[in-house]
Amino acid sequence: TTGGSGTGSLTFTVSNPGVTGCTISGNSLSATYVGICRVKALQAGDDTYDPINAFKEISIGYAKTSQSN
């Protein structure tokens, strides 16, 4: 993941993993249940910039993969 200014490391964490079973592995978000995953992005500070974080809520829905008639 790239973008923004500064050289501080960029990390992602899930702030509510118990609600939907959300996990992050590398750059991928996975969920076990329907609901809202709340992801926190943190860019560490460096000599020029202070650390900063941001949150994003992602809605996880259910899509049927097959249907019987």
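Trainee: How many disulfides does a search of the whole structure find?
Mentor: The search finds 1 disulfide, that is, a pair of cysteine sulfur atoms within 2.5 Å. Before going on: this is a predicted model, where local features need pLDDT of at least 70 and side-chain atom pairs count only at pLDDT 80 or more, while totals for chains, interfaces and linings use all residues. Residues are numbered from 1 along each chain as its sequence is written, and side-chain values use heavy atoms, with hydrogens and water left out.

Trainee: Which cysteines form the disulfide, and how far apart are their sulfur atoms?
Mentor: Cysteine 22 and cysteine 37, with the sulfur atoms 1.6 Å apart. The link is left-handed, at -50° about the S-S bond.

Trainee: What does the pair tie together?
Mentor: Cysteine 22 sits in the loop between α1 (17-20) and β2 (23-25) and cysteine 37 in strand β4, so the pair ties together parts 15 residues apart in sequence.

Trainee: Are those two cysteines buried or exposed?
Mentor: Cysteine 22 and cysteine 37 are both buried. Buried means under 20% relative accessible area, exposed over 50%, and partly exposed in between, with a 1.4 Å probe and protein chains only.

Trainee: What share of the chain is buried?
Mentor: 14% of its 69 residues.

Trainee: Changing topic, what does the secondary structure come to?
Mentor: The chain has 1 helix and 5 strands, in the order β-α-β-β-β-β from the N terminus. These are DSSP runs numbered from the N terminus: helices are H or I with at least four residues, strands E with at least two.

Trainee: What is the strand order in the sheet?
Mentor: It is an open sheet of 3 strands, β1-β4-β5, with antiparallel pairing. The edge strands are β1 (10-14) and β5 (52-60), each pairing on one side only. Two strands pair if DSSP finds at least two bridges between them.

Trainee: How many bridges are there between β1 and β4?
Mentor: β1 and β4 (residues 35-43) pair over 5 bridges. In one of them, leucine 10 has glutamine 43 of β4 as its partner.

Trainee: And where is glycine 61?
Mentor: Glycine 61 is in the segment after β5.

Trainee: Why does glycine 61 count as exposed?
Mentor: Because its relative accessibility is 61%.

Trainee: How far is glycine 61 from alanine 31?
Mentor: Their C-alpha atoms are separated by 9.7 Å, and the two residues are 30 apart along the chain.
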